[in-house]
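Please look at the sequence and the model shown here, and keep both in view while reading. The paragraphs that follow start from a single residue and then move on to the sheet, the helices and the charged pairs.

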Amino acid sequence: MKRFALLFPTLAVLAVATAIPAAADDYPSRPIRVYTTTSAGGISDIFMRALGDELSKRWGQPLVIENRPGGSQNIGTRACADAPPDGYTICIINADPLVYNQFMFKNMPFNPETAVTPITNLYHLIQLLVVNADLPVKSIDELIALSKAKPGTMNYVTAAPPLALYMETLKKDKGADWVRVPFRGGGDAVNAVLSGSTPIALVGEGNVIGQIQGGKMKALVMLNNIRSPNFPDVPTMEQTGYTGTPSRSWYGLFAPPGTPKAMIDKIHRDVVSIVSEPAFRARHLTARSLVPATNTPEEFAQEIKRDRATAEKVIKDSGLEPQ
């Protein structure tokens, strides 16, 4: 009897170990829920819907997008962290809630270092500062001068803490007069600039390329020192005399912690395969001013770790206190 009793734990472990690969073999067998941390209509939402369509063709299951914007993207990230780790929830998340927010806020609703499991980086954003076309400025220096001439009347939107740090550095060093206002996503930022209610935005180029080309917005500065072939005459931060650390803003794919490795590997393999296809890349990345950045889960985890260390230094050097 004792021998049989000793065997039971071993058999139980073997059953669990063999169940996960078996589950991965027929995975997915039902719809996949996808959380985004931004509002509908933003660049990450549009990209994820395109990627979801391609994954659905391969998997034979729909991917259902759920937008969870707000809270500096902490709301959507927490929803991902709290989801069941069964492989049927994946999430597209920006760098900010996992890299910057812990140094910007006194209280976080999750631990950024353990809240989610990396699958792969997806892309880096080409970012720029844009203004409403009716604003009588053509450069960052003219924008600063206008803000001084109209104190207390100008505001800006950005979802990215490093971009807000850029604006606050200019405010401190150049005496600019502007205020950051909250917004829920790239689509909301575009509408705010177009209406003139918030005339300045720091956003991904893909969100506003049509508005700039259509003359409804003006681009003043490339914010992460990545030159754009679409706007070769727009200067980089370095060319405007700014010497701070440029923003690195990416969107990556994640799963809730504890999601089986076999499922993580399958998602990673299929996503990288799709993003590597020339036609998909040209239509959904290059045309939207996104820089492909796929890597392995392990490489992505190390990239996040390095970015977090840089973020801590940037925010400390800025003198900003957590709110």
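The model is a predicted one, in which local features need pLDDT of at least 70 and side-chain atom pairs count only at pLDDT 80 or more, while totals for chains, interfaces and linings use all residues. Residues are numbered from 1 along each chain as its sequence is written, and side-chain values use heavy atoms, with hydrogens and water left out.

Is D96 buried or exposed? With a relative accessible area of 2%, D96 is buried, where buried means under 20% relative accessible area, exposed means over 50%, and partly exposed lies in between (1.4 Å probe, protein chains only). D96 and Y251 are 155 residues apart along the chain, yet their C-alpha atoms are separated by 9.3 Å.

Next comes the sheet, an open one of 6 strands, whose order is β2-β1-β3-β10-β4-β11 and whose pairing is mixed; two strands pair if DSSP finds at least two bridges between them. The edge strands, each of which pairs on one side only, are β2 and β11 (290-292). From one strand to the next, the twist averages 25 degrees.

Two of the pairings can be followed through strand β1 (residues 32-36). With strand β2 (residues 63-67), β1 pairs in the parallel sense over 5 bridges, and here V34 stands opposite I65 in β2.

Helix α10 (residues 261-275) lies across β3, β4 and β10, and runs at about 20 degrees to β4. For these angles, axes are lines fitted to C-alpha atoms, for helices over the stretch in contact, and angles run from 0 to 180 degrees between N-to-C directions.

The charged side chains come last. Side chains of opposite charge can pair when their charged atoms come close. A search of the whole structure finds 9 salt bridges, a salt bridge being a side-chain nitrogen of Lys or Arg within 4 Å of a carboxyl oxygen of Asp or Glu. One of them joins D45 and R49 (3.1 Å, N to O), which are 4 residues apart in helix α2 and therefore separated by about one helical turn. D45 counts as buried at 4% relative accessibility, whereas R49 is partly exposed at 36%. Another salt bridge links R68 with E66, the closest N and O atoms being 3.3 Å apart; R68 is partly exposed, with a relative accessible area of 30%, and E66 is partly exposed, with 24%.

Notes:
Contact = heavy atoms within 4.5 Å.
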